[in-house]
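Me: I have a structure open and would like to learn how to read its local features. Could you walk me through some of them?

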Amino acid sequence: MGLEIRHNRAENFHENTQFRRIALNLKQLFISKGWDGLLLGNPESEIFSRFRADAILLYNHGLLIIDLKDYQGKINLPVRDDEFTINKWYLETENDKFRLEIKGASFINPFIQLKSYRQVMYEVISNNIILNSNVDPSRVAAVNIFSGPIQLSRETPRNVPFYVITQESDLANFLYDYNSPNTYSDESSTALKQIFSAPIWEEHIENNNEEIHENKIHEIDDDLETEFNLFLGSDESEILVLDSMNYSQRDEWVRYIYSRVGNYNIPQTETWTHSSRIREKIKKRSRIATHSLYNTIYGGKTQVEDTKEIGVEEDINSENEEEDHQVVIPLKSDLEIDKRAVIILHEAHLVTRSLNESELFRFGSGRLLEDLLNFMSLGKTKRKLVCIGDPFFLSYGKEKESALGVQTLSSLFDGKIRHYRQVPNELNLEGKDLLRTKLALSINNNIFNDLQYKWEEKNLVNVDKSKVLNLLREWFTTILDSEPSNALLVYKNDDAKTTNLWIKENCLNNSKELSKGDLLLINNNVTIADDTGFGEVTRLFNGMYVTIIEILDLHQEPIYFKKANQNIILEFVKLKVKCLSLENKPETEVWLYNNYFTSNGNLSKEEQIAFLMFTNVRITKFKKENDFSESIEYTRFVQDTQYTVLKKEINEYKIKFEKGERVKTKLEELELELRKLERKYKRKYHQRIVLQVSKEDPLLNSIKANYGWCITVHKSVGSLFEKVVINAKQGDNNGITNESYYRWLYSGVSSSISNAYIINPQEISQLKDCQFEDLVDDIWIEVEAVKNNSFELDKYEIPFIFEGKINSSLLLNTKAAICIFSEFIEKHGFILEQTTRSGDYLSKATFSTPENNYNLVMVFNNNGKGTITSIRPEKVKSDFLDSIERASSHVWLNSINKKEEISFPVDFRKKRYEKWISDSHAIGAIMNLIESHSYQDIFIYSINLSKIKFRVNYDLKGFFTKITVLSKTGNEVSNNLKNLLFYGD
């Protein structure tokens, strides 16, 4: 088999190129060693979003979590073993010995980063039946692969097992030497691919010389009304993408399109959205009628998908073969949609092409966005699609693969795409609106280095624990009779459960047990049949709320594990509930899957297996009561033309075989074909039974629910509450300087109509973890300020006032430099007295000083070819330093080969540098940027007669990492500078 390579393209170019180098080398290594393996690059999972490793490698000798680092040089690791896991790492470059901090994403060092990913992988393995059976999570290795070449200052400590630092050139040796109980298997590989979906990696991108489509993404600037008219009036399929942070604006766009379509004789216009849950949320806030995508595009003739790998021979003789197949709900026919219809996809940010499927069911390809575009047949018809949504919100899948992602759409559709985004603007905003806009700008600019709260009592309030508890008592002391208008939002389900139990005990006073009056939030879709014959079927969708009226019954199903010789008890509670999310709030009876409820959704692997076994038991029981031989599928099987032909031929060949003719092989081939045909109809029979039982069996159709007062931010997506409390702290192991956290916080704050109360606000500054280092003596070294300058002129005429003082033996550039220097410094009371030449490389100029009792001697050095390279005082009083530096700078500014003017940065540094300069002016000081290089800038700060030169180091993630004093006139100015730079942070 060799190495299977899958990869999600990373945002950064260097990450993709490093992965490509490693993948190519590993492919050849696996071929030469005869190894099998799976390499997942940039693995992503909606369920395990905290896992952000660069790669996963499963092969014959282990399972590895890999983080790639594009560094070379000497890596200085913490000296002591007990510091290895908590202190910073540094890279020392060979050329200038400059130290660069090596971080691990938002973690202090790469080891902590991989340790966090290992903990998440432990959850991945524990929650997956197959991986838990095949992989020992404690033996999963964490590997940092540096591009190299690198040198380590020390070996990794022995008290951190299963962690390795290596480089690309040594990777093959490491993989050969490494060995653990975790070995490659097809089952484990398939499980990992299902959890961390990624497309096949393209080793070579070939140009097939086909016609290259021009870029048809058209960005709309301001004239949106004209673009609406052009879009609706076009005679071709097009996509219009409209982005806005404001849900009222999004709703207004929907209404506007409906008001305009009549002008263009468009025969059909409909609004679709992600699901029934979101449909109800839109209807509640805007009264706009929408249709669920799942109900609209899926539900054609059901298929059965073989979950086995292509190329693996089927066991035709298997008795239970149909149970190994996944039921696929295919796309409907599009005949009911006019060929010129305009379809509006509302809240389009929730619709992605990310894979979503269960063990038993899959809708279409499992990729909702792709199925939508296939269903609409854009390009083959004249239909148009309008995608309206919020580009900064969380989604049900990868946000960059949503229906608002124009690059994603362009890869799926060849026609024209018009795109309009309301650019976030923080001017004249305050409180919650300002916070949302700042978060959106960070996401839009892909830089996460600044998160500050400007509290506003009207809508953004900083609260402590006591205030939160008071709010909970105010909101939830009585039993709710409608959907909650307020909510507490957290990150983890476990935190939500803790708070919900507190609400039960302290607000409702009804104990920790499931009780009358409890509010439940449903996490699945269920159909509750009416068993009286007088009512209607009740459908409850994911995201709906119910309150418990009465607890009716308890039912337990023991599931026996033969190998473990134990029973797992599946428990179901029958409830009478009021459906708060449905019109008229009907009452109904429903079963609650209590294992899910008590475990807060974190079912053990034994419970997961037990429920699958229980499902099979119910299906098998139904099959015994409704045998295949009595089914409609069997009738169709025996009526199939192929069946008739095969039966006839088989009977004929049986007669020949009984007569002794050599037809055994042909007879077996015909019988095999008949079994294949029978298998086809048994699959159809099986999928119909699965669908029927899953809808009609009351226990399999039980609700999966949690308490609903406090929920996670992810669960709140699509909802609007009047007021929300947000616990802004996700946990100690979660970083906040990343897009994931910003989207999470943005979504939580956006779910409130009026007030957002923030507890545990997490603030981020560009100076976070920035060091201020001052190790220099109290002396201003002038040569440092000018050592990189040079002065040269083509021609120069000596001013009349200096003719008698300029020595004729001086070089042209020396004469010019002394005159220009003298002209400037005379304004400060210094008078040129005489000049002398001291060899080929040095000349001196003597000045009388304002005090008239001291002579200033300035030295002008040249490089032997006549170019002035430095200007410095031979000896000087500190009182004269400022005048001398200004005069020297004036000389350099008049050179024909002077340095190019320093360009002021326009990236994240601009706002911070402007603040520093402005704060300096406010106290009568001056700060100037004098040099700018990659990853570092150099400033001079002057106040009164004191000055200091300092270097500011920064990284590509938008953080200032270190401020180093290079020279100074005293300690007082150093302290003054430190206070100014860090003021407000």
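Reply: Gladly! Keep in mind that this is a predicted model. Let's begin where helix H2 starts: a side-chain oxygen of Asn 109 comes to within 3.0 Å of the backbone nitrogen of Phe 111.

Me: What span should H2 have, and what does the model give?

Reply: Helix H2 covers residues 110-126, which is 17 residues, and at 1.5 Å a residue it should span 24 Å. The C-alpha atoms at its ends are 24 Å apart, so the two agree.

Me: Which residues of H2 are buried?

Reply: Here is the general idea. An α-helix has 3.6 residues a turn, so residues three or four places apart point the same way. In H2 the buried residues are Pro 110, Phe 111, Gln 113, Leu 114, Ser 116, Tyr 117, Val 120, Met 121, Val 124 and Ile 125.

Me: Let's turn to the rings. How many aromatic pairs are there?

Reply: The count comes to 47 aromatic pairs. One of them is formed by Trp 35 and Tyr 59, a tilted pair with 5.4 Å from centre to centre and 55 degrees between the planes. This pair links distant parts of the chain, 24 residues apart: Trp 35 is in the loop between helix H1 (13-33) and strand S2 (37-41), while Tyr 59 belongs to strand S3 (residues 55-59). Both Trp 35 and Tyr 59 are buried.

Me: And what geometry do Tyr 294 and Phe 363 have?

Reply: Tyr 294 and Phe 363 pair edge-to-face, with centres 5.1 Å apart and 75 degrees between the planes. Their pair also joins distant parts of the chain, since Tyr 294 sits in helix H9 (residues 293-297) and Phe 363 in strand S18 (residues 361-363), 69 residues apart. Tyr 294 is partly exposed, because its relative accessible area is 21%. Phe 363 is partly exposed too, with a relative accessible area of 34%.

Me: Which residues form an aromatic cluster?

Reply: One aromatic cluster is made of Phe 904, Phe 908, Tyr 913, Trp 916, Tyr 935, Phe 939, Phe 950, Tyr 954 and Phe 960.

Me: Where do lysines sit over rings?

Reply: Lys 384 lies over the face of Phe 231, 5.6 Å from the ring centre. The charged end of Lys 656 is over the ring of Tyr 653, at 4.7 Å from its centre.

Me: What can I learn from the backbone phi of Phe 162 and Asn 600?

Reply: As background, most residues other than glycine have a negative phi. Phe 162 has a positive phi, near 60 degrees, and lies in the loop between strand S9 (150-152) and strand S10 (163-167). With 27% relative accessibility, Phe 162 counts as partly exposed. Asn 600 also has a positive phi near 60 degrees, and its place is the loop between helix H15 (594-598) and helix H16 (605-625). Asn 600 counts as buried, because its relative accessibility is 7%.

Me: Finally, what is the strand order in the open sheet of 5 strands?

Reply: The order is S28-S27-S26-S23-S29, and the pairing is antiparallel. Strand S28 (587-593) and strand S29 (705-707) are at the edges with a single partner strand each, so one side of each has no neighbour in the sheet. Neighbouring strands of this sheet are turned by 35 degrees against each other on average, direction ignored.

Me: What joins S23 to S29?

Reply: Strand S23 (residues 519-522) is joined to S29 by 3 bridges, and the two run antiparallel.

Definitions and conventions
Residues are numbered from 1 along each chain as its sequence is written. This is a predicted model: local features need pLDDT of at least 70, side-chain atom pairs count only at pLDDT 80 or more; totals for chains, interfaces and linings use all residues. Side-chain values use heavy atoms; hydrogens and water are left out. Helices (H or I, at least four residues) and strands (E, at least two) are DSSP runs, numbered from the N terminus. The expected span of a helix is 1.5 Å times one less than its number of residues. Buried means under 20% relative accessible area, exposed over 50%, partly exposed in between (1.4 Å probe, protein chains only). A polar contact is a pair of N or O atoms within 3.5 Å; within protein, one must be able to donate a hydrogen and the other to accept it, and residues adjacent in sequence count only if both atoms are side-chain atoms. Rings of Phe, Tyr and Trp (its six-membered ring) pair if their centres lie within 6.5 Å; planes under 30 degrees apart count as stacked, over 60 as edge-to-face and the rest as tilted. A charge sits over a ring if NZ of Lys or CZ of Arg is within 6 Å of the ring centre and within 35 degrees of the ring normal. Two strands pair if DSSP finds at least two bridges between them. Axes are lines fitted to C-alpha atoms, for helices over the stretch in contact, and angles run from 0 to 180 degrees between N-to-C directions.
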